[in-house]
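Try each task before reading its solution.

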Amino acid sequence: MSPSLCLMMFLQFFIWGAWFTTIAVYMSAHGMGDLTHWPYTVNPVAAIISPFFLGLVADRYFAPERILGWLHILAGGVMLLVPRAVDSPLLFILLLLAYNICYMPTLGLVNAITFHRIEDREAQYPLIRVFGTVGWIAAGLFISFVLGLFTGGIIPEETAWPLYTTGVAGLVMGLYSFTLGRTPPAAAGRKASLRSVIGLDALQELGSRSFYLFILSALLLCIPLAFYYNFTQIYLGATEFTNIAGTQTLGQFSEVFLMLCMPFFFRRLGVKRMLLIAMAAWIVRYGLFSLGAPDALWTLIVTGIILHGICYDFFFVTAHVYMDQQATPANRGQAQGLFVLVSSGLGMLIGAQIAGRVYNAFLGSTGSLSLSDWQVFWILPAALVILVLILFAAGFKAEMSSSGQKRPSG
């Protein structure tokens, strides 16, 4: 296991975790409570743009480590400017868009770099990727328990310090990326086209009926996921949690445990069962949030957060391995970019807008949701996941063997 790849994953997700789980609280504290879904809209918009970097630039022209470094440096610089625009909502959102345009391609880049340098995807990737989860945990704990010492009794998530933390960490990650060595562009010399840039060639090359169903399910599943990322932090505040970012790291702690067990699960369960378990866990999580809302039952709410480990690992880690298992060395970057486009891009974009409209419908003129409102709010994403689970269970046939070879579709 490469220490350099582990540190790369740690920094990559420390950066994301530092702002992604705090931005809605910060905006609500600065008069932008009805706009909190916009950071979760510009984020997937940037994910839609990211295949350009992966399908064209990283696969064909430049070493991905160099692109990773410059993108993080640009992103870090932009994030340091975001708090200065707090009195101008439009500029605030536009700066977040610029930040995400720089950051989102790096998610696919770190995966492409990792898969290029490892031999056993199922055994090695989860053990490296777990350091990303550790980074996300470290960000939440740092914000809640370290920054909290310097905010004068104000909840740290309501201050600009998490955003400054993100910016500085991005600059550090950018500089570190230049020390990773060089991964040669796998598709150097291949003719570039719009189809290849946006991943359509990869979609055709990787295509089978089960693969297309997997892509559709990933898109649909990320719609209810947007409810969790966008509004859990606000929900925790409404149910009188104080260390919001720290509380949410409980989900990442469960991720760490499960990530270390992923090689075992790959061998025993296969792709289809792992994805179905992830979907079932999402249903239970939203159900617990709904049941726990009326009386602010922290045991149910915390249990729902802890389930994030199954929800995330069994879906996203399995999906990244599945995409790489299907890909060839020449379209590895395109394959990872295609998944980012569909899931973090289109799915989260649609989800952010739907979740935002649902939330604002409950918001009305009161300025906040009552606990009974929250109970109804969480029922919708649970229903959406149930529909996706039924669709996927009925149609997905392909499995992955422990050796990484595709089994025939049934």
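**Exercise 1.** How many cavities of 30 Å³ or more does the count come to?

*Solution.* Start with the ground rules. The model is predicted: local features need pLDDT of at least 70, side-chain atom pairs count only at pLDDT 80 or more, and totals for chains, interfaces and linings use all residues. Residues are numbered from 1 along each chain as its sequence is written, and side-chain values use heavy atoms, without hydrogens and water. Next, the term: a cavity is a set of points, on a 1 Å grid over the protein atoms alone, where a 1.4 Å probe fits but cannot get out. The count comes to five cavities of 30 Å³ or more.

**Exercise 2.** Describe the largest cavity and its lining.

*Solution.* Take volume first: about 210 Å³, as the space filled by probe spheres set on grid points joined across faces, edges and corners. Now the lining, meaning residues with an atom within 4 Å of a point. It holds 19 residues; Trp 16, Leu 107, Tyr 312, Phe 316 and Ser 344 lie nearest the centre. Then find the helices (DSSP runs of H or I, at least four residues). α15 (332–363) is among those that supply at least two residues. α15 gives the most, five.

**Exercise 3.** Which elements give two or more residues to the lining of the largest pocket?

*Solution.* A pocket is an open set with protein on both sides within 12 Å along at least five of seven lines. The largest has a volume of about 170 Å³. Its lining includes Ala 24, Glu 158 and Phe 241. The elements are α2 (23–29) and α11.
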